[in-house]
Amino acid sequence: MRALNVLLKLLLKIGLLLSCIASAAHAGEAIDKTLAVKPDGVVRIDNVRGRIEVQGWDRSEVMVKGTLDDLTKSFTFETAGSTTTVKVETPDHLNRGNGSDLVIHVPSASRVRVDLVSADLTMQALHGSVEGRTVSGQIDARDLSGTIVIGSVSGRIEVTGAAGPVTFNSVSGDINAQTDAEQLRISTVSGNADIRSDARLKELTMHSVSGDLDVSSDLADGAQVRGSTTSGFIRLAVNRDVGAVVDLRTTSSGIKNLLSDDKPTREMSGGGTLDMTLGNGSGVLELTSISGRLELLAR
Amino acid sequence: MNERDMNERDGANPELDALIDALPRAIDPPRDLWPTINARIALQGNRARPWELAAAAVLAAVTVAAMFVGFSHDAQPRVPAPLWAYEQLDSAYQPLRHASLERYRAGADRLDPELRKTVEANLAIIDRALAEIRTALASRPSDAALGQMLQRTYDQELAIVDAVTPRQMIAPDQSHYRGAL
């Protein structure tokens, strides 16, 4: 009986050792792999820390090249149906070693979804749809189209050239973007957003808690613009010939109107209102604030 | 926000500025007014009679007593006021917020200390903002834009926790909030 116990313990130890060896097989490993995929399929990328670069190209292949995280538990690179998965799994507690450093080429018409934790994300030449999120890393993106969603908790977001409906979400990271979007949604808590759109916006929705929102874009006929902030300021610069019913309202802060000769009304509370109709009045422009300033300017 | 920030104070008026600059900084009175002012102050000080002061005190006491008696013996039976939309929203979000913050507390130790600092600073900003929005709603309870601001701010709070909570800890029924971030 005792001999059996010793044998079982030995087998258990050997099993654990083999499992550790298998887990460590990917740690810090150099990767250079390619899979044939559908040109307009879904590519999902998950990674915890390091740097991920996703680039669109004209081949029907996904190629992953670079180095895996020092503490990689498992690396998945597979395609099933129209979905390709690139996933680096690591332990929960990561306070030493290096993160993954990967360049991933995908068909440019792919629908790409990237979820990172403490990793920087670069995206370029992606024309399917793009969802890129990181918790504490920075995001740099250029030449994107399709439906675009970009979000970060504390990292900065820099975007150049984003056409299609664009959504920016940030908690404390600043957003700096030049887009060609006709639909734009911006949400921040304390981060500031500075957005320029070279296309005529049909829809703009923006919300911040204490972050400042600065948006400059021509508005299309019938554009719907709605924005709110608790204590940040909103500065909106639009085309002087815009047609919209305007309703700006603050509880305890100022309103500045340099788009027309209409003057805001000041209330006893220290807040103000500005109600006016510009041009043909086909659109809606509503901004609300509690203690943050509202500014309406001409481009 | 002071008046300087309002629009009407922002535009410069050079003509008005020039006229203001041309005005003298001080004007001497044509004669010394202080002896007359002192005499009037002394006269007013002697006007109050003791019986007038006593009558004023009695009147004040009766007014205060009437107020408290009125408040404590309201003739109308009290009917609970219907909840405003924002109060209903508050009630609806409470369990979600509670669950979300519980989940955050359970996993907060695993976060990078810098990230944790950022998250908690922003949760505090949101908490203050919620209080500010509720105060504004208390004076304008039917303001739909403020109600939407309240809802978006709640959603942002939930989204922050979702974004930083280790994924295996996210309950399937709450995973959609990740979309808000």
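Visitor: At what angle do helix α5 of chain B and helix α7 of chain B pack?

Guide: This is a predicted model, in which local features need pLDDT of at least 70 and side-chain atom pairs count only at pLDDT 80 or more, while totals for chains, interfaces and linings use all residues. Residues are numbered from 1 along each chain as its sequence is written, and chains are lettered from A and ligands numbered from 1 in the order in which they are written. Helices (H or I, at least four residues) and strands (E, at least two) are DSSP runs, numbered from the N terminus, and axes are lines fitted to C-alpha atoms, for helices over the stretch in contact, with angles running from 0 to 180 degrees between N-to-C directions. For α5(B), residues 85–107, and α7(B), residues 144–164, the axes lie 10 Å apart and the angle is about 10°.

Visitor: How do α5(B) and α7(B) therefore run relative to each other, roughly parallel or roughly antiparallel?

Guide: Angles under 35 degrees count as roughly parallel, over 145 as roughly antiparallel, 65 to 115 as roughly perpendicular and the rest as oblique. With an angle of about 10°, α5(B) and α7(B) are therefore roughly parallel.

Visitor: Which residues of α7(B) does α5(B) meet?

Guide: Two residues are in contact if their C-beta atoms, placed from the backbone, lie within 7 Å. From α5(B) come residues including B:Ala85, B:Leu89 and B:Tyr104, and on the side of α7(B) they meet B:Gly147, B:Leu150, B:Gln151, B:Tyr154, B:Glu157, B:Leu158 and B:Val161.

Visitor: Which element gives the most to the side of chain A that touches chain B?

Guide: Between the chains, 39 residues of chain A are in contact with 30 residues of chain B. The elements of chain A that give two or more residues to this side are β21 (255–257) and β24 (283–289), and the one that gives the most, with three residues, is β21(A).

Visitor: Over how many bridges do β2(A) and β7(A) pair?

Guide: Two strands pair if DSSP finds at least two bridges between them. Strand β2(A), residues 42–57, and strand β7(A), residues 111–126, pair in the parallel sense, and A:Arg44 stands opposite A:Arg113 in β7(A). The number of bridges between β2(A) and β7(A) is 13.
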